[in-house]
Amino acid sequence: MPKPMIPILGKPVMAYIVEHLAKHGVRDIMVNVSYLHERIEDYFGEGSRFGVNIGYSFEGHVDDDGEVVPEALGSAGGMKRIQEFGNFFDETTIVVCGDALIDLDLDAALREHKRKGALASVVTKEVPWDKVSDYGVVVMGDDGRVQRFQEKPRQEDAKSNFASTGIYIFEPAAIDLIPSGRIFDIGSELFPLMAERGLPFYAQTRPFNWLDIGSVTDYWSVLQNMLMGEVAQMEVPGTQAKEGVWVGLNTRIDWEGTTIEGPVYIGSGSHIEAGSKIVGPAWIGHGSHICAGAEITRSILFEYTRVLRNARLDETIVCKNYFVNRAGEMRRLAEADDAGLIDARDRRHERRDKEGRQTA
C-alpha cells in the first residue's frame with residue numbers, strides 16, 4: 001500500500017491533504033507517483049469530487065517483460081521532470097508530502113513568503129532533541145533566513161531542533177536550480193545549495209498540527225491520538241452505540257459476556273461475538289469478525305480481519321496479509337499459524353469451527 005493511501009478514520013491520508021488544499025483555494029494539483037501508483041490514481045481520478053484538478057507524473061518505466069518498474073527521481077528530481085514536461089510550476093507553488101496530516105493556515109504562510117521576498121520557504125516545527133535524527137533540521141537567523149540545512153543529523157551534530165515538515169513554498173526560479181535528468185533531493189541537496197549560495201531562503205515557524213505518518217510507529221500513534229479525541233476537527237465516524245463505542249452500518253455486537261472499553265470504532269458489517277473483549281483505543285475495520293474469547297487491546301485492524309477464538313492481540317496493526325507490532329516488527333499471516341488471524345471472507349474457517357464445536 002502506498003503511504004498516501006493509508007487509512008485514517010476510514011479515509012486515505014492524501015484525501016485529507018487534498019481537501020485541505022481545496023479549502024485554501026488551491027485548484028490545480030500535480031501528484032508525483034511511483035510505487036503502486038494505480039492505487040492513488042484509481043481513488044482520486046482527476047479530482048472532480050474534491051473540487052480540484054489533479055494530474056499525475058509517473059516516475060518509472062515498463063521493462064522488456066511489460067512490467068511497470070518504479071524509478072524514483074528524488075523529491076526535487078520529480079519536480080524538475082514535471083516542470084520540463086509542461087512548465088507546471090509557472091507561479092508560486094506549495095509542495096506537501098503525501099503521508100502527513102496538517103491543518104496549516106496556508107494563506108498566512110503564503111503571505112509571509114511573499115512579504116519576505118522568498119525564493120523558497122520551508123515550514124518548520126520544533127521537535128525534541130532526541131528526535132532530530134529523524135528529520136531535516138533547519139538552522140535559521142533571527143529573521144528566519146536559513147543559514148544551514150542538515151538532513152537527518154546525529155543528535156550530537158544537530159545545530160537546531162527545528163525540523164522541516166515537508167511543507168515548502170517555491171517560486172519558479174527555485175525549480176530552475178534543480179539539475180535535469182538525475183536523482184536530486186530537496187532536503188539533502190537543493191536546500192543546502194540555496195543556503196550555501198545565500199539565496200532568499202526562509203524558514204517559517206507557526207502553530208499548526210503536523211502528524212507525520214512516515215513509519216508504522218508513527219501511524220499507530222496518530223490513530224491512537226485521533227481515537228482519544230486529541231486531534232482537532234477529526235471526529236470518529238459512525239454512530240455512538242454506547243459511551244466510547246462507535247459503530248458503522250449493519251454492525252452486529254453480541255453484548256452478552258462481551259467487554260468493550262472505549263474509545264473503539266467498529267466498522268460496518270463487522271461481527272463481535274459474545275465473550276470477546278476489546279480495549280481501546282482500537283479500530284476494527286469494516287467486515288471484520290471477532291470470535292468468542294478473543295481479546296484485542298489498543299490495536300488497529302484493517303478491513304475483513306477475523307480474530308479467531310481465544311486469540312490475543314496487544315498493540316498490533318493487522319493489514320491484509322501482515323500484522324505488525326508497535327515497534328514495527330512485521331510478520332506474514334501465512335507464516336504465523338499461532339497468530340489467530342485470517343481473512344474474514346474465508347468461509348472455510350467457519351465450517352471448520354462449526355464442525356469442531358459439534359464434535360466437542
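Which residues of the largest nonpolar core touch the most other members? In this predicted model, where residues are numbered from 1 along each chain as its sequence is written, local features need pLDDT of at least 70, side-chain atom pairs count only at pLDDT 80 or more, and totals for chains, interfaces and linings use all residues. Side-chain values use heavy atoms, with hydrogens and water left out.

The core has 55 residues, and those that touch the most other members are Ile 8, Leu 9, Phe 44, Leu 101, Tyr 219 and Met 226. A nonpolar core here is a set of buried Ala, Val, Leu, Ile, Met, Phe, Trp, Tyr and Cys residues joined through side-chain atoms within 4.5 Å. Buried means under 20% relative accessible area, exposed means over 50%, and partly exposed covers what is in between (1.4 Å probe, protein chains only). At least two core residues come from each of helix H1 (13-23), strand E3 (28-33), helix H2 (37-44), strand E8 (100-102), H4, E12, strand E14 (210-212) and helix H7 (216-227). H1 gives the largest share, 8 residues. Helices (H or I, at least four residues) and strands (E, at least two) are DSSP runs, numbered from the N terminus. Apart from this core lies another one, of 24 residues, with Val 95, Leu 119, Val 138 and Ala 195 among them. As a general point, nonpolar side chains tend to be buried together in soluble globular proteins.

Back to Phe 44: once its neighbours within four places in sequence are set aside, Phe 44 is in contact with Met 5, Met 14, Ala 15, Val 18, Phe 50, Ile 54 and Tyr 56. Contact means heavy atoms within 4.5 Å.

Now for the chain as a whole. It holds 8 helices and 31 strands, and its C-alpha trace spans about 80 × 50 × 40 Å along the principal axes. Of its 360 residues, 49% count as buried. Among contacts with a separation of 6 or more, 51% are between residues 24 or more positions apart.

Next come the salt bridges, of which there are 12. A salt bridge is a side-chain nitrogen of Lys or Arg within 4 Å of a carboxyl oxygen of Asp or Glu. One of them joins Glu 112 and Lys 116, at 3.2 Å from N to O. Glu 112 counts as buried because its relative accessibility is 12%, while Lys 116 is partly exposed, at 27%. These two residues and Arg 206 are linked in a network of salt bridges. Another bridge pairs Glu 171 with Lys 114, with the closest N and O atoms 3.5 Å apart. This pair ties together distant parts of the chain, 57 residues apart: Glu 171 is in the loop between strand E12 (162-170) and helix H5 (172-176), and Lys 114 is in helix H4 (residues 106-115). Glu 171 is buried, since its relative accessible area is 16%. Arg 154 and Glu 156 also meet in a salt bridge, at 3.5 Å from N to O, and both are exposed.

Not counting residues up to four places away in sequence, Glu 261 touches Lys 277, Ile 278, Val 279 and Gly 280. His 286 is in the loop between strand E22 (282-284) and strand E23 (289-290), and at 36% relative accessibility His 286 counts as partly exposed. Although His 286 and Gly 10 are 276 residues apart in sequence, their C-alpha atoms are 9.1 Å apart in space. With neighbours within four places left aside, the contacts of His 286 are Gly 267, Ser 268, Ser 270, Glu 303 and Tyr 304.

Most residues other than glycine have a negative phi, and most peptide bonds are trans. Still, a cis peptide bond joins Gly 262 and Pro 263, with omega about 5 degrees, and Pro 263 is in the loop between E18 and strand E19 (264-266). Gly 280 and Pro 281 are also joined by a cis peptide bond, with omega about 5 degrees; Pro 281 sits in the loop between strand E21 (277-279) and E22. As for phi, Leu 36 has a positive value near 50 degrees and is placed in the loop between E3 and H2. Lys 320 has a positive phi near 55 degrees, and its place is the loop between strand E28 (316-319) and strand E29 (322-325).
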